[in-house]
Amino acid sequence: MRFCHFFFARYWRVEAWKRSSEELFRLAKCRSPLDKLDAIRHACQILLDSLCACDGPEGGAGADVFLPALTLVLAYTNPPQLHSSLDFIRNYHNKAYKGSQ
């Protein structure tokens with residue numbers, strides 16, 4: 001399956017993909033769970049802003065566009081130590097912290 005087969009191909013911008021990928025690669029270098037969460041949040045925000053900008057003034061991109069796009073970025077980027085970073089966040093992040101994003 002090629003990228004052009006996905007229904008959200010019209011929303012795609014290469015520079016947003018690259019910036020999101022860079023943020024996901026930053027995960028391996030982050031030392032605290034909060035820094036890792038910030039890197040993930042920032043990567044998602046870059047991607048979502050790009051998708052919403054492509055959608056135009058009639059509305060923003062929803063989860064049905066964002067989730068497949070995020071999955072594709074993760075699949076093509078293949079960030080190093082992604083699973084262990086997510087385990088680290090789950091195990092050591094303060095449970096009382098409830099971020100709004």
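Which residues are buried in H1? They are Ala16, Trp17, Ser20, Ser21, Glu23 and Leu24. Buried means under 20% relative accessible area, exposed means over 50%, and partly exposed lies in between (1.4 Å probe, protein chains only). This is a predicted model, in which local features need pLDDT of at least 70 and side-chain atom pairs count only at pLDDT 80 or more, while totals for chains, interfaces and linings use all residues. Residues are numbered from 1 along each chain as its sequence is written, and side-chain values use heavy atoms, with hydrogens and water left out.

**Overall layout**

- The protein chain has 4 helices and 0 strands. Helices (H or I, at least four residues) and strands (E, at least two) are DSSP runs, numbered from the N terminus.
- Along the sequence, the pattern reads α-α-α-α.
- The protein chain has 101 residues, of which 33% count as buried.
- Contact means heavy atoms within 4.5 Å. Among contacts in the protein chain with a separation of 6 or more, 66% come from residues 24 or more positions apart.

**Helix H1**

- The 12 residues of H1 should span 16 Å at 1.5 Å a residue, and the end C-alpha atoms are 16 Å apart, which agrees. The expected span is 1.5 Å times one less than the number of residues in the helix.
- Trp17, Ser20 and Leu24 are among the buried residues of H1. The arc is that of the directions from the helix axis to the C-beta atoms.
- Lys18 and Glu22 are exposed, on the face of H1 turned away from its buried side.

**Helix H3**

- At 1.5 Å a residue, H3 should span 21 Å with its 15 residues; its end C-alpha atoms lie 20 Å apart, which agrees.
- Val65, Phe66, Ala69, Leu70, Leu72, Val73 and Thr77 are buried in H3. Seen down the axis, the buried residues of H3 fall within an arc of 160°, so they line one face of the helix.
- Ala63, Asp64 and Ala75 are exposed on the other side of H3.

**Nonpolar core**

- A nonpolar core is a set of buried Ala, Val, Leu, Ile, Met, Phe, Trp, Tyr and Cys residues joined through side-chain atoms within 4.5 Å.
- The largest one has 15 residues, and Leu24, Leu47, Leu51, Phe66, Leu70 and Val73 touch the most other members.
- At least two residues of this core come from each of H1, helix H2 (33–55) and H3.
- Leu24 is in contact with Ala43, Val73, Leu74 and Pro79, leaving aside neighbours within four places in sequence.

**Aromatic pairs**

- The structure holds 2 aromatic pairs. Rings of Phe, Tyr and Trp (its six-membered ring) pair if their centres lie within 6.5 Å; planes under 30 degrees apart count as stacked, over 60 as edge-to-face and the rest as tilted.
- Trp17 and Tyr76 form a tilted pair, 5.3 Å centre to centre with 50° between the planes. Trp17 lies in helix H1 (residues 14–25) and Tyr76 in helix H3 (residues 63–77), so this pair ties together parts that are 59 residues apart in sequence. Tyr76 is partly exposed, at 49% relative accessible area.
- The ring centres of Phe88 and Tyr92 are 5.3 Å apart and the planes are at 45°, so this pair is tilted. Phe88 and Tyr92 both lie in helix H4 (residues 82–92), 4 residues apart, about one turn of the helix.
- Phe88 is partly exposed at 26% relative accessibility, whereas Tyr92 is exposed at 58%.

**Salt bridges**

- There are 2 salt bridges in the structure. A salt bridge is a side-chain nitrogen of Lys or Arg within 4 Å of a carboxyl oxygen of Asp or Glu.
- Arg26 bridges to Glu23, with the closest N and O atoms 3.2 Å apart. Arg26 is partly exposed at 34%, while Glu23 is buried at 14% relative accessibility.
- Arg90 bridges to Asp87, with the closest N and O atoms 3.1 Å apart. Both lie in helix H4, 3 residues apart, about one turn of the helix.
- Arg90 is exposed at 52%, and Asp87 is partly exposed at 23%.
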